[in-house]
Structures are given as structure tokens and as C-alpha cells.
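Please open the model in a viewer and keep the selection tool at hand.

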Amino acid sequence: MVNIEQIIKDSIDVKSLIINDKEFIGRIQRAADICIESLKAGGKIHFCGNGGSAADAQHLAAELSGRFYYDRPPLNAEALHVNSSYLTAVANDYSFDVIYSRMLQCSAKEGDVLIGISTSGNSTNIMNAIDVAKSLGVKVIGMTGETGGMMAGQCDVLLNVPSNCTPRIQEAHIMIGHIVCEIIESSIFPR
């Protein structure tokens, strides 16, 4: 039987670990600062993920390109998977492993930011995107689970949530993403 109270407690526990880790809090701020620097210089924030992480990528891109807390001009942010014709063509003609890296080759430029979201940190298509991003001079922010997987050591900033439970990691990812969006919005468009 599912213990609802325990699930909520587990989610709170992961967030308590984050709030009590000053170094992690500093990495969240650094991730926001990298995005702010890019956007102020005319850059773009590219998001990518698979499954629930793709949903988070699209959600966070919309918070920036639409609005978050208040009306203001749009910010240049996009989830790389939103063009379904492109995605299915490239996955079919080449490989699912290159769907994001190939899109970055034509849409990213030096000074942009890639935010790769993977609970395991081991998604091949995310790793390929990171490789292309680095070759283009694009800063990389990774959002993963506890170990960071293969993404550990490959990102300019790694936000590795202290959990190995996929739903708890995803809950923390959206919290962290919202914090980053709020910092970006309030910094670029102060009220």
C-alpha cells in the first residue's frame, strides 16, 4: 500500500538536504548567473531532457520565454525537443542519440547556455549535446541525481540532487528550475 505521508516526507527530506547545503545553494546561484550573463549578451538558453525531464525542460523554457512572476519582455529560451517533425526525422534517419546535439549544431552559438536534465546523468543524447555545446563555447548546466552519472565533471555547473529516487529528483529539479527562473527574471527585469 502507498504511504502518502511517507512520500511527502521523503520529498521534504530531499529539499531539506538542499537547503542545508550552502555549497549547493551557491551552485544554484552560479547557474542563474551564467544564464543571466548569456541572456544579457544576447544569448539563448537551450534545454534538453527525456521523458519527465523533457517535460521539465519545456516547462522551464516557457517560464523564461513567456513569463514567470510578472509581465516583462520574453527571454530567449527553448526546449530542444519541441519540434516533433525534426525530432522524429532525426531519430529515424540518424539516431535518437543525436537529436539534441544535431539541433545544437544549427541553433547554438558561443555564449549560449545548455541546461541538460537527466535524473541518472547518463542519457546518451544529453551527453552528446554536452559534447557539442562545449565544442561551440556554450556553457553547460546539468541537473541530475545524486551521483551526477556521466554528466559529473562535464558541466560548468552540476546541480546533482541528493537522491537516487527518480520522482524525488524530478520534484527537486522543478523547484531548482523555478528558483533559477525567479533569479533570472528579477535580475534582468527588476520591478
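Which residues does Ile184 touch, not counting residues up to four places away in sequence? Select Ile184 to begin; its partners are Ala32, Cys35, Ile36, Leu39, Leu64 and Leu75, where contact means heavy atoms within 4.5 Å.

Before going further, note that this is a predicted model, in which local features need pLDDT of at least 70, side-chain atom pairs count only at pLDDT 80 or more, and totals for chains, interfaces and linings use all residues. Residues are numbered from 1 along each chain as its sequence is written, and side-chain values use heavy atoms, with hydrogens and water left out.

**First stop: Ile184 and its helix**

Ile184 is placed in helix H7; helices (H or I, at least four residues) and strands (E, at least two) are DSSP runs, numbered from the N terminus. With a relative accessible area of 0%, Ile184 is buried. Buried means under 20% relative accessible area, exposed over 50%, and partly exposed in between (1.4 Å probe, protein chains only).

**Second stop: the nonpolar cores**

Next, select Ile45, Phe47, Ile115, Ile141, Leu159, Ile176 and Ile184; of the 39 residues in the largest nonpolar core, these touch the most other members. A nonpolar core is a set of buried Ala, Val, Leu, Ile, Met, Phe, Trp, Tyr and Cys residues joined through side-chain atoms within 4.5 Å. Helix H7, which covers residues 166–188, gives the most to this core, with nine residues. In soluble globular proteins, nonpolar side chains tend to be buried together.

Centre the view on Ile176. Apart from its neighbours within four places in sequence, Ile176 is in contact with Ile18, Phe24, Ile28, Met143, Leu159 and Val161. A second, separate core has 22 residues, including Ile99, Leu114, Ala129 and Ala133.

How many cavities of 30 Å³ or more does a search of the whole structure find? The search finds one. On a 1 Å grid over the protein atoms alone, a cavity is a set of points where a 1.4 Å probe fits but cannot get out, and lining residues have an atom within 4 Å of a point. Grid points are joined across faces, edges and corners, and a volume is the space filled by probe spheres set on the points. The largest cavity holds about 90 Å³ of space.

To find the cavity, select Phe47, Ile115, Met143, Gly177 and Val180, which are the closest to its centre of the 13 residues that line it. Helix H3 (52–65), strand S4 (139–144) and H7 are the elements that give two or more residues to this lining. H7 gives the most, with five residues. By type, the lining of the largest cavity divides into 12 nonpolar residues, one polar and no charged. Here Ala, Val, Leu, Ile, Met, Phe, Trp, Tyr, Cys and Pro count as nonpolar, Asp, Glu, Lys and Arg as charged, and the others, Gly among them, as polar.

The structure holds eight salt bridges, each being a side-chain nitrogen of Lys or Arg within 4 Å of a carboxyl oxygen of Asp or Glu.

Select Arg27, which lies in helix H2. Arg27 forms a salt bridge with Glu23, and the closest N and O atoms are 2.9 Å apart. Because they are four residues apart in helix H2, about one helical turn separates Arg27 and Glu23. Arg27 is buried, at 16% relative accessible area, whereas Glu23 is partly exposed, at 49%. Not counting residues up to four places away in sequence, Arg27 also touches Asp21, Val157, Leu158, Leu159 and Asn160.

Move to Asp13, whose salt bridge with Lys9 brings the closest N and O atoms to 2.8 Å apart. Both residues lie in helix H1 (residues 4–19), four residues apart, about one turn of the helix. Asp13 is partly exposed, at 32% relative accessibility, and Lys9 is partly exposed, at 43%.

**Last stop: Ser38**

Finally, select Ser38 in helix H2, which spans residues 22–40. Is Ser38 buried or exposed? With a relative accessible area of 4%, Ser38 is buried. Its contacts, leaving aside neighbours within four places in sequence, are Gly43, Lys44, Ile45, Gly111, Asp112 and Val113.

Terms used
On a 1 Å grid over the protein atoms alone, a cavity is a set of points where a 1.4 Å probe fits but cannot get out, and a pocket is an open set with protein on both sides within 12 Å along at least five of seven lines; lining residues have an atom within 4 Å of a point.
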